[in-house]
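Hi everyone, thanks for coming. Please have a look at the sequence and the structure on the screen, and I'll walk you through a few places in it.

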Amino acid sequence: MIGRSRLLGAAVIALVVFIWLPLVVVLAFAFNGGSNLSWPLHGLSLRWFRLIFGDEAFRSGLKASAIAAFATALVAGTVGTTGAFAFARRPSRLSSALESGSRIPVMLPPLFIGIALVAAMKTFAIDPSMWTIVTGHVIVTTPFVILIVGARLRNYDVTVEQAARDLGATPQTVLRRITFPLVAPSILGAMVVAFAISFDEVLITNFTSGTTQTLPLFVLSRLHRTIDPSVNAIAAILLLVPWLAVGITLLWQRTRPSRSSAAAPAEELARAA
Amino acid sequence: MSTTGAVSIRGVSKRFGPTVALQTLDLEIPPGSFFSLLGPSGCGKTTLLKIVAGLERPDTGTVSADGENITGRPPERRPFNMVFQSYALFPHMTVADNIGFGLTIGAKRERPSVRERRERVVEMLRLVGLESLSGRYPSELSGGQAQRVAVARALINRPSVLLLDEPLSALDRNVRFALREELLRIHQELATTFLFVTHDQDEALSISQLVGVMNDGRLEQVADPQTIYRAPATMFTARFIGAGSFFTADVRACGDGRAEVDVGGRRFSASDAGVAAGGKAQVMLRPEELEAVPPDPARLAGVVDTCSFFGAHFEIMVQTPLGPCRLHVREPRAPGDTMGIRWPDRAGIAYPWEEVSPVGDESEAE
């Protein structure tokens, strides 16, 4: 028994190292004082961050990515929440078929979606722009919102709504004062997931962006030419922005009063992210 | 007795697809009464409660409150409020906000002022004894406390009828007993009609003024608890309430509400619950009517099967040639003992004979 648990422990440690090592390397080189991508580091510095923030192309890429991610979170959050309510509250053969259909984008190769969007844009003579970027991101992120919000709607006790009706609340009041506050943490969590996916999406964006360069596209174009340590700084930013968003959401949910009911979406969110 | 809070149910029936939840039934609930609907799970008692609450619509029939037809009214426009089995407290609101919720609904000008609301919440907190917990959230309450909050929340709008859907069944035994008395006290204090749904016969018999026994979507009997226990009108009620012993008997004669019956050669006079002279009957004898005596060839004899301790008495199951028999005794008996059983000349209730299914034993197992 002891031998086996030791082996298991070693395997877990190896796995953790395997997963975390690249992250640590990237973060370490992002703060490297020297300009060689080799060990050991030449002291700590923020020079690569200064360098990239001084670059006009980087700043516009960051801005484009931020705009796309916010817009995606808003649109996917709204559409996905509406869909989740419809699927959870109006069960029928049609609605369950539609719900299965809404998961399709997750199963499609992003490359396929990208090509399909290009074909559609050509057919309808739509020029690539921020709008087309957001459209692509909404297609891939909405299923996640439906999944997360739908799970919350299905595992909560609907008798609280009956109780509110019984006390005199109209259906609109129930939605505003009972259902929405109870589901809100999940909606927010789902929107953060959408934000995180959108922020570093590169495959589909490549097809729909035209002349707009998002942050991931900027990185790719830069890697074509040379590998310099500033890429590590960009990678660190790409990593930290979604993490910060998730972290802030988790903290907010922890401090909410209804711990028992908010814990579930928080964990869902941590898993999805 | 108050003058409001009468509920009148006429010709109500309800089906869910192919299943008949309620057969056509009539029921009058007197104003200010503590009325229990009692029956096994699936008997339709909760469906009937939901129809009264307005959460379900009857297929046929009408529901009236104090003479006014309210069949088509949504729940929020009925003068009733409900206590749910699962409490259904709002998890994102404090105890005080949960209780006060009913006062924050409706058009602004009709709502009570903030000050009045606070006073009424405090009044309710005092009524259920939770003054010190007003700032807690539902996740921080015990089951008994949560149920008190649910009762207070349902009472704040001063409903003419309080509907209680198995409100005690999720609680521990001691808490359940304490809350039972609490409900009785609140009922006496407010004189609101309580319509209480339960599958627990002790609960129904101990706190109600009237009990409606339900089975299979029908009302078997509506009467006060003593009558339900002492004179169950049907075999079902007899088997569901208390724990009697049933013997097959021949009816020799009947009249004047009594039936002369013959159980395995022993003749006595039982109450007549609709038997015919010359026919067969099932006679129920309550455990407290039966007496354990030394074995005697002139009497019914049997072998002790099991003996269980109940504090005030022991309950023994005795196998007799006429079937199993349940007795209450003061001293324990060892399984395998032989003993005689005696009962008075006027004892038991005779029901028209029917095939026996073990209903009475299942009712406890829910």
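Let's start with chain B: among its contacts between residues at least 6 apart in sequence, 66% join residues at least 24 apart. Contact here means heavy atoms within 4.5 Å.

Before I go on, a word about where this comes from. This is a predicted model, in which local features need pLDDT of at least 70 and side-chain atom pairs count only at pLDDT 80 or more, while totals for chains, interfaces and linings use all residues. Residues are numbered from 1 along each chain as its sequence is written, chains are lettered from A and ligands numbered from 1 in the order in which they are written, and side-chain values use heavy atoms, with hydrogens and water left out.

Back to chain B. Its secondary structure comes to nine helices and 20 strands. Helices (H or I, at least four residues) and strands (E, at least two) are DSSP runs, numbered from the N terminus. Along the principal axes, the C-alpha atoms of chain B fill a box of roughly 80 × 45 × 40 Å. How much of chain B is buried? Of its 366 residues, 51% are buried; that means under 20% relative accessible area, with exposed over 50% and partly exposed in between (1.4 Å probe, protein chains only).

Now find the open sheet in chain B, where five strands follow the order E15-E19-E16-E17-E18 with antiparallel pairing. Two strands pair if DSSP finds at least two bridges between them. At the edges are strand E15 (291–293) and strand E18 (323–329) of chain B, each pairing on one side only. From one strand to the next, the twist averages 45°. Inside this sheet, E16 (residues 300–309) and E17 (residues 314–320) of chain B are antiparallel partners over six bridges, and Phe309(B) stands opposite Phe314(B) in E17(B).

Next, a hairpin. Strands E9 (residues 210–215) and E10 (residues 218–223) of chain B run antiparallel and are joined by five bridges. Asn215(B) stands opposite Arg218(B) in E10(B). Two residues lie between E9(B) and E10(B), and in the turn Asp216(B) has a positive phi of about 55°.

Which other residues have a positive phi? One of them is Tyr87(B), at about 70° although it is not a glycine. Tyr87(B) sits in the loop between strand E6 (80–83) and helix H2 (95–100) of chain B, and it is buried, with a relative accessible area of 14%. Glu166(B) is another residue other than glycine with a positive phi, near 45°. You'll find Glu166(B) in the loop between strand E7 (161–165) and helix H5 (173–190) of chain B, and it counts as buried at 7% relative accessibility.

Let's finish with chain A. Two packed helices are described by the angle between their axes and the distance between the axes. Helix H8 (residues 159–166) and helix H9 (residues 171–199) of chain A pack at about 145°, with their axes 10 Å apart. Axes are lines fitted to C-alpha atoms, for helices over the stretch in contact, and angles run from 0 to 180 degrees between N-to-C directions. Among the residues that meet are Val160(A) and Ala164(A) in H8(A), and Val174(A) and Leu182(A) in H9(A).
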